[in-house]
Amino acid sequence: MDKLLRNKITLITGCDQGIGRSICHLFADQGAVVYANLLKEESAEGLKEDCDTLEGKVIPVVFDITDKSAVMDHIKKIKMEQGGRLDVLVNNAGVKFDGVIEMIDDNKLEKMLSVNIVGTIYMVQSALRLMKRNPNGGSIINVSSIVGLRGNVGQSVYGATKGAVASLTKSWAKEFARQNIRVNAVAPGSIDTNMFYEMSADKIRESIEAIGLKRLGRPEEVAKVVLFLASEMASYVTGEIIGIDGGFFM
């Protein structure tokens, strides 16, 4: 089979680590030109080294998705460098702070709302300036969470922000269908990333025991579903939220 994203111009947010880094690596392996958004400048060199031998090309771009002017500047950069093309946007960047509702302080509350919801909106608003001009449309993939669909004790605010991402996905799929822009989301469950290990050891054991497959998911397993949604293999798929939870909810 030919490379699924050969010569596709893609932008992925939150590539510093975890799921975002895996998506970046897989997209480059599948022939894409990847603009890899990073929050930290020091992440750029390691990312380039990881992807140096792959068929595609990785271009690190350092900016905060909650800074609308910075987002627009980098969309303009892609426009100039790629002749106005952007084929795929993956909204992966996100933050999580756990705690029962009365213990979430204002800074954490505002950070989750700003990054998980507002930042995602900024990215889509800006990316549409290029995608709507594409004769073949495009694909937007948002990263929600099983918590956003099902809820969880101690994660009400985080779950609310990820539930908003799922809701935005449904509405955007309807709004952009006429431009042949597909919008879907993935909703990961317990994935083996640094974010998962922020809970206590007892909670970690309980979480793994509750998974049907009795193990954590791997970042690359999430990346494969994102790849499918980005590719022409999913050309008739839009408005879907795909759970990636190993059978946590069945």
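## Strands, cysteines and one serine

Ala 36 stands opposite Pro 60 in β3. The chain gets from β2 to β3 by way of helix α2 (residues 43-51), and this β-α-β crossover is right-handed (with the strands pointing away from the viewer, the path from the first strand over the helix to the second runs clockwise). Strands β2 (residues 33-38) and β3 (residues 57-62) run parallel and are joined by six bridges.

A word on what you're looking at: this is a predicted model, where local features need pLDDT of at least 70 and side-chain atom pairs count only at pLDDT 80 or more, while totals for chains, interfaces and linings use all residues. Residues are numbered from 1 along each chain as its sequence is written, and side-chain values use heavy atoms, with hydrogens and water left out.

Helices (H or I, at least four residues) and strands (E, at least two) are DSSP runs, numbered from the N terminus. Two strands pair if DSSP finds at least two bridges between them.

Now for β6. Eight of its eight residues are buried, so β6 is largely enclosed by the rest of the structure (buried means under 20% relative accessible area, exposed over 50%, partly exposed in between, with a 1.4 Å probe and protein chains only). Ile 181, Val 183, Ala 185 and Ala 187 point one way from the strand, while Arg 182, Asn 184, Val 186 and Pro 188 point the other way.

β6 has parallel pairings with β5 and with β7. Six bridges link β5 (residues 138-143) to β6, and there Ile 141 has Asn 184 as its bridge partner. Four bridges link β6 to β7 (residues 241-244), with Val 186 opposite Ile 242.

Leaving aside neighbours within four places in sequence, Ser 190 is in contact (heavy atoms within 4.5 Å) with Phe 196, Ser 207, Ile 211, Leu 216 and Gly 217.

What about disulfides (pairs of cysteine sulfur atoms within 2.5 Å)? A search of the whole structure finds zero. The sulfur of Cys 24 has its closest cysteine sulfur in Cys 51, 4.3 Å away, which is too far for a bond.

| Residue | Relative accessible area |
|---|---|
| Cys 24 | 0%, buried |
| Cys 51 | 5%, buried |
| Ser 190 | 19%, buried |

Conventions. Disulfide = S-S within 2.5 Å.
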